[in-house]
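This report goes through a protein model one part at a time. Keep the sequence and the structure in view while reading.

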Amino acid sequence: MKVSVVIATYNRAGTLSRSLESVLSQTHQDLEVVVVDDGSTDTTWQVLQAYAHHPQVKLFHKVNEGSKFAALNFGLGHVTTT
């Protein structure tokens with residue numbers, strides 16, 4: 001069974017790597033991580049680029065709409081359903 005993790009982030013460059021490393025260190029093999037940078041103005045997107053090569057990670061950057069739910073829904077729309 002595939003497990004999908006959606007992370008919506010905004011200006012969390014300092015803690016984002018710890019979150020991603022925690023998810024990626026799980027023993028479950030069929031895993032995908034969808035990360036949505038919700039228009040951060042810090043170095044969040046640069047931090048995420050270190051994970052761009054990882055086959056289980058999908059990165060997205062979107063304009064901030066003022067609601068964390070918009071970012072979460074955006075991420076859910078990019079979850080693999082197979």
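Which exposed residues does the face of H3 turned away from its buried side carry? They are Phe69, Asn73 and Leu76. Here, exposed means over 50% relative accessible area, buried under 20%, and partly exposed in between (1.4 Å probe, protein chains only).

## About the model

This is a predicted model, in which local features need pLDDT of at least 70 and side-chain atom pairs count only at pLDDT 80 or more, while totals for chains, interfaces and linings use all residues. Residues are numbered from 1 along each chain as its sequence is written, and side-chain values use heavy atoms, with hydrogens and water left out.

Helices (H or I, at least four residues) and strands (E, at least two) are DSSP runs, numbered from the N terminus.

## Helix H3

The buried residues of H3 are Ala70, Ala71 and Gly75. Seen down the helix axis, these residues fall within an arc of 135 degrees, so they line one face of H3. The arc is taken from the directions that run from the helix axis to the C-beta atoms. S1, S2 and S3 are included in what covers the buried residues of H3.

At the start of H3, a side-chain oxygen of Ser67 comes to within 3.2 Å of the backbone nitrogen of Phe69.

## Helix H1

Helix H1 runs over residues 13-24, twelve in number. From first C-alpha to last it reaches 17 Å, close to the 16 Å expected at 1.5 Å a residue. The expected span is 1.5 Å times one less than the number of residues.

Ala13, Leu16, Leu20, Val23 and Leu24 are the buried residues of H1. They cover an arc of only 90 degrees around the axis, which puts them on the same side of H1. An α-helix has 3.6 residues a turn, so residues three or four places apart point the same way. Gly14 and Arg18 are exposed on the face of H1 turned away from the buried side. The buried residues of H1 pack against strand S1 (3-9), strand S2 (31-38), helix H2 (44-49) and strand S3 (57-62).

## The nonpolar core

A nonpolar core is a set of buried Ala, Val, Leu, Ile, Met, Phe, Trp, Tyr and Cys residues joined through side-chain atoms within 4.5 Å. The largest one has 14 residues, of which Ile7, Leu16, Leu20, Val33, Val35, Leu48 and Val57 touch the most other members. H1, S2, H2 and S3 each give two or more residues to this core, and H1 supplies the largest share, five residues.

Leaving aside neighbours within four places in sequence, Val35 is in contact (heavy atoms within 4.5 Å) with residues including Ile7, Leu20, Leu48 and Val57.

## An aromatic pair

How many aromatic pairs does a search of the whole structure find? It finds one. Phe60 and Phe74 form this pair, which is edge-to-face, with 5.7 Å centre to centre and 75 degrees between the planes. Rings of Phe, Tyr and Trp (its six-membered ring) pair if their centres lie within 6.5 Å; planes under 30 degrees apart count as stacked, over 60 as edge-to-face and the rest as tilted.

Phe60 lies in strand S3 and Phe74 in helix H3 (residues 68-76), so the pair ties together parts that are 14 residues apart in sequence. Phe60 is partly exposed at 21% relative accessibility, and Phe74 is partly exposed at 28%.

Notes:
A polar contact is a pair of N or O atoms within 3.5 Å; within protein, one must be able to donate a hydrogen and the other to accept it, and residues adjacent in sequence count only if both atoms are side-chain atoms.
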